[in-house]
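We will go stop by stop.

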Amino acid sequence: MSSSLLSLAIWIPILGAFVVFAAGENKTLARWSALAVAFAGFAITLPLYIGFDTAQVGMQFVEQHPWIPRFNIEYFLGVDGISVLFILLNSFITILVVIAGWEVIEEKVAQYMGAFLIMSGLMNGIFSALDAVLFYVFFEASLIPMYIIIGVWGGPNRVYAAFKFFLYTLLGSLLMLIALIYLFLSSGGSFNLLEWHQLRIEMAPQILIFLAFLVAFAVKVPMWPVHTWLPDAHVEAPTGGSVVLAAIMLKLGAYGFLRFSLPIAPDASHYLAPMMITLSLIAVVYIGFVALVQADMKKLIAYSSISHMGFVTLGFFIFNQLGIEGALVQMISHGFVSGAMFLCVGVMYDRMHSRQIADYGGVVHRMPKFAGFFVLFAMANAGLPATSGFVGEFMVILGAIKYNFWIGFIAATTLILGAAYTLWMVKRVAYGPVGNDHVAELSDINHREFLFLAILALCVLAMGLYPYPFTEVMHASVDNLLKHVAMSKL
Amino acid sequence: MLKNFIVPDLYPAMPEIFLAAMACVILLVDAFVGRTQRWITPALTLITLAGCALITYQTMDGQVVLTFGSMFVDDLLADFLKLLLYLAVIVAIIYSRDYLVARGLDKGEYYVLVLFATLGMMVMISAAHFVTIYLGLELLSLSMYALVALDRNSPRATEAAMKYFVLGALASGLLLYGMSMVYGATGTLEIGGVAQAIHLGVANKTVLVFGLVFIVSGIAFKFGAVPFHMWVPDVYQGAPTPITLFLSSAPKLAAFAMALRLLVYGMFDIAEHWQSMLMIMAVLSIALGNLAAIAQTNIKRMLAYSAISHMGFMLLGLMSGTVGADKHFALNAYSSAMYYVVAYVIMSLGAFGVILLLSRAGYEAENLEDFKGLNKRSPWFAAVMMMIMFSMAGVPFFVGFFAKFSVLLAAVDAGHIAVAVFAVMFSLVGAFYYLRVVKLMYFDAPVDAAPVVAALDVRFLLSLNGAAVAVLGLFPDLLISLCTYALLRSL
């Protein structure tokens, strides 16, 4: 089996970005070369899925070379059933982002496309790194392109949002760095994640390590109460930025829990699980109510993302197969759905230059094709059966009820809340009489917009109707993870 | 008496001798070159430095050789630091040329003073005796005072030079006082002898530690660590930018060597005393440097405060050695500090290089505002500056991240977890003002739409400088291992 696939998945987009930068002021060239790179990046990840051996528990497509021998840091890549899906999702979303920014971005096109491609490569690096420092390096480097994207192509309050985004996330990751160094020293000089999974640690340091990781990942997820950067970042970011932020970046935090917190500090995870569950439920319920009162569509979807991610963390910390698999399905589904929702808002914003719900009304009369997609994605966001949104939520709720009826009960309120805030927004935006003259002048989506919305609609429906290809891949790895978490490391 | 005189082995000091001779030649030649042959002096200066590099490289054999009656040492550490020193000085001179020419400051004095300052630094790096250290330090400092005042029509530069001189003289006095105390306690001025006396326990501990306090003060002044940092912002801001560039880069290498020779070579056995002093200075420098930098509008002043915080980080590495055992156990700590200094010098050269690039005749790009919209004016150099800023903030994949990483590793290894957490929290504060520079370059519209013009060699070198920040971040092992190896062979 050729084993440089992961390296290619990381470095093709990053090096390709420099080709795009070279296009400079030539916008057409920049767009087409970015699309070519994005396609190449996606194509290279397909063999990862096709060649993935679902029966195998350990890491696959492993690459291991010394990187910084002085500190025993390795260039160590590999994927298991948990991470492989995210690499695919990420590379796939990158194509959509390039298409979504096609005509919308007029200024510094090459830099825009290049920044997204670099970010795509870095994300693949995060999902495939099995060396803690390599992970950290990708994790933190991915802040740079996002900072630039929000700051350069963002809305009126973009500078504030970009700084908040960067500093918030940096805060978390710096504490994690100290935890990584501590683990390096207590493991006798290794940054190998797989070795860390076997490491015995006392309870007190385990709790501290867990908390250090928690700060890093909770900010990224984001969990209540460190979520406040996300609505700002989403509102100000350009459409593509919001899509990547919601579809991929939020998953990094959740992924971190699975790769670091749970297997390295399982006893602390069990010990602190009530706290994690409480925080998750607050995110699900409280943030759901917050979403209900939003006047800005992007803000509403941002809060709904936080609420959905609360589901994901809830699924992790109830420690059963249904919970974790449901959370993973939810993460992927959320990648499609929230990406699609932000693209829908982007489509309307490009025409109206407003994201206020009050400025719309009766969009369906002017944009029937668009409204069809919009309603479909909204249904998926609300967790309607037969869409991808339903599968994950249902699995997590089932898992939660197994764990404790009342936790499951509270979590299930999301089905009502999610439906309430999403459908109420759809009602106010798409239905009713035509709201004003600007809405009356709207034109329906063009071929480019139809293309990316249709692709996402297919994904959402396919995953909702037949989730087996997704759960099958993760099964063995989740099983293995649970075994790990069940063993005490004291 | 005369018949006892033995000609010392001059071979280990060949680079210094060559540089001293050439500096005198250049001084002489410069007096005779006409207006049309102004290029001769800089060319000769660069050739001299290249020649020094060649000699140093040729004589590099990894042996520890003492000469001049054990006053002067040539080891791998010295050779390595000197090679970096030449490189930093060469880069500084090339970056500075256009600026100096545009302001009529490209006098022979500049080149000669830079060479003498370089000579002083080389002597400091190779010192094995208190007197040698003092000699090198004074040669460096006196050349520096004159360089800061190079633009004699500028009141700000003169004021800065005055401040620098008064405080510098005070610091030299403190250092000298400390040395005399140590001499009183140990009966020798030789660094090796001092170490021996302390190791055997014959030195009077009270006097020794009393002297140590003054020595540490003198070192801290050279680094510009809190509370001996007062001169740094004023001098950085007041001096002409090329002088700030020079001041902020190469002397840090020499100061590091001085700290290493005095503290580690000389007084390792009382390390617990100087380590606690360094820890206080490190913590204060990181806190004050990062906090004060936020409030600055002048980029030179901002980088001055950033330099203070960087030196704090470096001290964090230097104080993290294992005490009470073989020096080699502390190797990680010292090599991390050394790596930090080298990384800082590379970043600092690049940052001031970009400032110089933006300054034209009659126009000083020294306010943060001048960086507005640089991405529109010159995407390439905006990218270089962005990489340097992110590197200084300690964001990967840049060299600054691995510098911070190795220092933190050493600190946590020595059990200073709380200090490490403190340091990273303040580097979060620091990230803010580096991000602000990036914000100005990328998010804001340019105030001044003039294209960025520069000579080809400057563009090339600056690009190389930016590339070094990135490449040394992608492949950090080379530099880390070189630092470690040089130290390993010299301790």
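Start with Phe68(B), in the loop between strand S1 (65–67) and strand S2 (72–74) of chain B. Helices (H or I, at least four residues) and strands (E, at least two) are DSSP runs, numbered from the N terminus. Phe68(B) has a positive phi of about 50°, although it is not a glycine. Most residues other than glycine have a negative phi, and most peptide bonds are trans. Phe68(B) is partly exposed, with 16 other C-beta atoms within 10 Å. The scale: buried means 20 or more other C-beta atoms within 10 Å, exposed means 12 or fewer, and partly exposed lies in between, with C-beta atoms placed from the backbone.

A note before moving on. This is a predicted model: local features need pLDDT of at least 70, side-chain atom pairs count only at pLDDT 80 or more, and totals for chains, interfaces and linings use all residues. Residues are numbered from 1 along each chain as its sequence is written, while chains are lettered from A and ligands numbered from 1 in the order in which they are written.

Next, select Lys108(A). Its loop runs between helix H3 (84–100) and helix H4 (109–128) of chain A. Lys108(A) also has a positive phi of about 50° and is not a glycine. Is Lys108(A) buried or exposed? With 20 C-beta neighbours inside 10 Å, Lys108(A) counts as buried.

Now for two cis peptide bonds. One joins Val221(A) and Pro222(A), with omega about -15°. Find Pro222(A) in the loop between helix H9 (203–220) and helix H10 (229–236) of chain A. In chain B, a cis bond joins Pro396(B) and Phe397(B), with omega about -15°. Phe397(B) sits in the loop between helix H16 (379–393) and helix H17 (399–413) of chain B.

Show H16 (368–382) and H18 (405–430) of chain A. Their axes come within 8 Å and cross at roughly 165°; axes are lines fitted to C-alpha atoms, for helices over the stretch in contact, and angles run from 0 to 180 degrees between N-to-C directions. H16(A) and H18(A) are therefore roughly antiparallel (angles over 145 degrees).

Finish between the chains. The contact takes 25 residues from chain A and 25 residues from chain B, where contact means C-beta atoms, placed from the backbone, within 7 Å. On the chain A side, H7(A) gives the largest share, 13 residues.

Key
Contact = placed C-beta atoms within 7 Å. Parallel < 35°, antiparallel > 145°, perpendicular 65-115°, else oblique.
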